[in-house]
Amino acid sequence: MGGFEDLLAGFAAALTPANLLFALIGVTLGTAVGVLPGIGPALTVALLLPLTFKLEASSSLIMFAGIYYGGMYGGSTTSIMLNTPGESSSIIAALEGNKMARQGRGAAALATAALGSFVAGTLATLGLTFVAPFMVDVALSFGPPEYFALMVLAFTTVAAVLGRSVLRGLVGLAIGLALGLVGIDVQTGQARLSLGVPQLLDGIDVVIVVVGLFAVGEALVVLGQGLDRGTVMPVKGARWLSKADFRRSWKPWLRGTALGFPIGALPAGGAEIPTFLSYATEKRLTKHPEEFGNGAIEGVAGPEAANNAAAAGVLVPLLTLGLPTSATAAVILAAFQSYGLRPGPLLFTSDSALVWTLIASLYIGNVLLLVLNLPLIGIWVRLLLIPPHYLYAGILVFATLGTYAVSGSAVDLFILYAVGLLGALLRLADVPVAPAVVGLILGPIAEQQLRRSLSISQGDVGILVSSPLTIGLFTLAVAAVVVPPVLGAVLSRRSRTTV
Amino acid sequence: MTVSHTSERTAAAPRRDLPSLVLSALLLVMGITVLVDAAGVEAPPGAGAVGPAAFMWAIGGALVVLALVLGMVALRGRPDEELAANPLLPPPPHHEQGADTTYESATGDLVTEPAPAAEPRPFLRIRPAARVALLMAGLLVHAAIISTAGYIVAAAVLFLCSSLAFGAPRLLPPVLIGTVLSVIIFYGFVLGLGLGLPYLGGG
């Protein structure tokens with residue numbers, strides 16, 4: 001089997017000292033930023049994008065993948081110890097995990113989260129290894145119309161899933177798409193939306209948008225609304241899972257993985273839905289229903305496994321189709337682009353060694369993360385004790401540094417501040433920023449596929465709905481926007497009549 | 001990413017949603033800008049069936065439509081819209097702050113949650129609006145002086161302004177930490193990565 005040999009070669013490449021070091025840097029940074037409130041993997045990868053000029057493609061991609069996986073581990077630590085989820089997909093872990101920490105069972109909660117993340121991450125990476133080549137075979141038959149339909153589906157599901165309401169998700173998406181238009185049109189050389197400013201001809205850099213929306217916007221809002229700080233719970237109890245806890249955890253881990261990987265791997269993905277489904281499943285199946293809401297270990301084990309499995313699942317459409325379904329995945333796609341690489345089925349033939357090295361590094365990263373997050377968990381919890389004023393001052397210094405490093409121009413800093421103000425407004429209006437990031441990065445690619453489709457058909461729009469696959473994808477895309485509001489209205493009407 | 005706890009979802013009476021109204025106006029301006037710009041883009045001959053303006057028309061139109069819908073929703077007040085919120089997602093966790101809370105745990109014991117520790121008094125006791133203004137001033141000064149005063153000074157100023165804005169209790173530690181951090185970054189970039197940052201006096 002060719003895939004297996006490729007993977008072995010990937011391991012050989014990933015296990016060189018240099019690549020191991022980059023994986024270690026990645027997972028360490030990822031855990032740290034996952035733990036720290038106010039900073040996440042998408043922002044971190046964006047800040048490190050300028051490094052891609054200096055590093056080899058495989059080194060920086062291994063590091064970015066480590067940050068991505070590490071962020072998932074670290075986010076759960078914050079949820080459990082502080083009840084302030086570092087990652088939106090860790091919200092569920094805060095429900096039971098923080099209650100456990102308050103009862104002095106924080107160590108068990110952290111251990112089941114770390115072990116569950118490891119089990120799920122490893123199984124899901126295994127899933128990625130086997131599903132990716134299959135997806136590549138399928139994707140090789142796709143033409144531009146299929147890609148365009150897939151991207152439209154990704155747009156609408158990201159807008160619907162990542163926001164509190166579909167309308168606000170679509171607003172975020174549209175803003176990202178509009179920002180993506182700025183600059184010279186690649187196909188015709190026409191300037192678009194440059195508004196007479198020469199700096200805008202190159203487009204607005206991904207780094208500036210991501211850093212502005214996530215770091216500056218977040219800092220302004222946190223400051224304007226007053227700090228919302230919980231209490232860090234001291235880690236008490238045994239450092240390892242007791243036998244009883246283990247017996248209650250392993251099934252939720254596997255069920256969480258089974259939910260998380262397939263949903264994450266859909267070109268509609270996101271990690272929020274599977275974590276919530278896993279929580280609901282565990283709540284129904286548990287033998288200790290009285291503990292749910294008061295710190296049930298199943299309610300941490302399942303969702304945390306689902307969260308990590310979904311994170312690995314998201315890499316399937318990212319690597320095989322070039323389709324990012326989360327903000328971090330979108331920024332990683334931008335990293336590929338800065339090397340002139342285009343994720344998609346062809347990447348598996350043109351840069352096969354790179355892809356398999358990356359996948360092998362994911363297995364290694366998971367092992368490293370288990371070590372970082374079980375015996376060394378105390379260090380990460382201590383990170384939460386950094387006073388917020390130093391934390392945010394540091395974030396802002398690195399945010400401006402990352403922006404300045406893009407081109408060494410102070411003009412970029414002013415653009416960053418403008419984007420930051422926009423980000424603050426979006427937060428105040430409850431508009432999610434992740435769809436904006438996905439729109440910004442995926443928008444230009446979707447436009448390219450649309451224009452390619454229409455030049456194949458010589459302008460006939462019918463080509464977009466010429467195959468059953470594209471019709472199905474567009475139907476799903478529309479459903480993603482229409483179903484949640486209707487469902488919500490029906491559910492709330494029912495709950496109102498029963499009250 | 002972090003979740004912002006922006007809205008109080010407990011408010012029963014519909015209230016005007018000012019941020020959404022401002023955003024709706026901004027979307028309208030953006031949409032019109034995109035549409036006007038699209039009208040000015042000329043497709044060169046041989047650009048294919050779909051020129052560079054087509055996608056702009058679509059996005060500009062979408063921005064205008066979203067601006068109008070968001071404006072209407074915002075005028076009605078936010079609680080109405082909560083009914084149409086995504087039913088698949090749970091509500092964000094709530095923070096109880098202030099007093100200790102005691103409740104019965106699963107095992108029947110009474111558990112007392114400690115109240116959050118009192119934060120040290122900030123050095124500058126100013127209102128949130130003034131804090132935001134101080135932070136923005138720090139950011140603007142940073143950008144304004146980076147090419148003349150050099151990276152180390154500019155970054156140390158930014159660090160000081162933002163720590164004071166975020167309620168640092170004393171003046172001296174942020175000055176020291178900010179300076180040390182900027183020096184480390186400066187030499188890390190210059191020596192480690194070979195990327196140049198401006199020296200004192202520019203260049």
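A word on classes before we start. Ala, Val, Leu, Ile, Met, Phe, Trp, Tyr, Cys and Pro count as nonpolar; Asp, Glu, Lys and Arg count as charged; the others, Gly among them, count as polar. Also, keep in mind that this is a predicted model.

Now the second largest pocket. It holds about 1,100 Å³ of space. Its lining has 42 residues. Sort them by class and you get 22 nonpolar, twelve polar and eight charged. Which residues lie nearest the centre of the pocket? They are D202(A), G203(A), I204(A), D205(A) and V206(A). Several elements of chain A each give at least two residues to the lining, among them α8 (166–181), β1 (183–184) and α9 (206–225). The largest share comes from α19(A), with seven residues.

Stay with helix α9 of chain A for a moment. L220(A) is found there. Is L220(A) buried or exposed? Buried means under 20% relative accessible area. L220(A) has 7%, so it is buried. L110(A) is 110 residues away from L220(A) along the chain, and their C-alpha atoms are separated by 31 Å.

Next, the surface. L123(A), L126(A), F130(A), F246(A), W250(A) and L254(A) form a nonpolar patch there. Together they have about 560 Å² of accessible area. Two helices of chain A give two or more residues each to this patch: α6 (106–139) and α10 (243–265).

Take W250(A), in helix α10 of chain A. Its relative accessible area is 38%, so W250(A) is partly exposed.

Methods:
Residues are numbered from 1 along each chain as its sequence is written. Chains are lettered from A and ligands numbered from 1 in the order in which they are written. This is a predicted model: local features need pLDDT of at least 70, side-chain atom pairs count only at pLDDT 80 or more; totals for chains, interfaces and linings use all residues. Side-chain values use heavy atoms; hydrogens and water are left out. Patches are made of residues with over 30% relative accessible area and no salt bridge: like charges are joined within 9 Å, nonpolar side chains (Val, Leu, Ile, Met, Phe, Trp, Tyr) within 5 Å. Accessible areas come from the Shrake-Rupley method with a 1.4 Å probe; for residues, only the protein chains shown count as cover. A salt bridge is a side-chain nitrogen of Lys or Arg within 4 Å of a carboxyl oxygen of Asp or Glu. Helices (H or I, at least four residues) and strands (E, at least two) are DSSP runs, numbered from the N terminus. Buried means under 20% relative accessible area, exposed over 50%, partly exposed in between (1.4 Å probe, protein chains only). On a 1 Å grid over the protein atoms alone, a cavity is a set of points where a 1.4 Å probe fits but cannot get out, and a pocket is an open set with protein on both sides within 12 Å along at least five of seven lines; lining residues have an atom within 4 Å of a point. Grid points are joined across faces, edges and corners, and a volume is the space filled by probe spheres set on the points.
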